[in-house]
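Please keep the sequence and the structure in view while reading.

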Amino acid sequence: MDIRRCQYRVSAKAIIEDESGKILLIQEENGLWELPGGGIEYREDPKKGLKREVTEEIGVGISQLSDNPDYVWTQDRRKEKGYYALYLGYKASIESFDIKCKSGECVDWAFYSKNEFRKIKIHPILTNFVKIY
C-alpha cells in the first residue's frame with residue numbers, strides 16, 4: 001500500500017453560533033465563505049491550533065471551546081492541494097463580536113443558517129460538513 005494515499009492534512013474549524021443558532025462564516029479574498037480556523041501544525045494540539053488560527057483570522061480570541069470535536073469530516077482535496085483533508089469541528093464561543101478581519105483569509109464575516117448556505121458561495125471544504133450539521 002502506498003502510505004501517501006493514507007495521509008491527511010488536519011485542520012480545526014470553529015463552529016460559532018449566534019443567539020439564533022446561525023453559524024459564523026468568514027469570506028475569503030476569493031469570495032468563498034468558510035468556517036474560521038485552519039491547518040494544525042506538526043505536533044500542535046488541535047485546540048491550541050484552532051485558538052491561534054481564529055485569533056489570526058478574525059482578531060478575536062476563543063472564550064469557550066468543546067473538549068472534543070463535535071463534527072469530523074473529510075474532503076478529497078487532491079485536485080487543488082494534492083492531499084486528503086481531515087476537519088475537526090469544535091463548537092466554540094468568542095470573546096466578543098468585535099470581529100476585525102486581519103488577512104486575505106477574512107475580508108468579511110456574517111452569520112448564516114444551514115438553509116442560507118445554499119444561497120451563498122461556500123468553500124468546497126464545507127460540502128461534507130453541511131451534510132452532517
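A residue is called buried when its relative accessible area is under 20%, exposed when that area is over 50%, and partly exposed in between. The model examined here is predicted. Phe 111 has a relative accessible area of 18%, and is therefore buried. Trp 109, by contrast, has a relative accessibility of 28% and so counts as partly exposed. The rings of Trp 109 and Phe 111 form an edge-to-face aromatic pair, with 6.1 Å from centre to centre and 90 degrees between the planes.

How many aromatic pairs are there under the 6.5 Å rule for ring centres? The count is nine. Another of edge-to-face type joins Tyr 71 and Phe 129, with a centre-to-centre distance of 5.5 Å and an angle of 85 degrees between the planes. This pair connects distant parts of the chain: Tyr 71 belongs to strand β6 (residues 71–77) and Phe 129 to helix α2 (residues 127–132), 58 residues apart. Both Tyr 71 and Phe 129 are buried. Ring pairs also place these two residues in a cluster together with Trp 73, Tyr 87 and Tyr 133.

A disulfide is a covalent bond between the sulfur atoms of two cysteines. The structure contains one disulfide, formed by Cys 101 and Cys 106, whose sulfur atoms are 2.2 Å apart.

Terms used:
Residues numbered from 1 in each chain as written. Predicted model: local features only at pLDDT ≥ 70, side-chain atom pairs only at ≥ 80, totals over all residues. Heavy atoms only, no water. Phe/Tyr/Trp six-rings, centres within 6.5 Å; stacked < 30°, edge-to-face > 60°. Helix = DSSP H or I, 4+ residues; strand = E, 2+ residues; numbered from the N terminus. Buried < 20%, exposed > 50% of the residue type's maximum accessible area, 1.4 Å probe, protein only. Disulfide = S-S within 2.5 Å.
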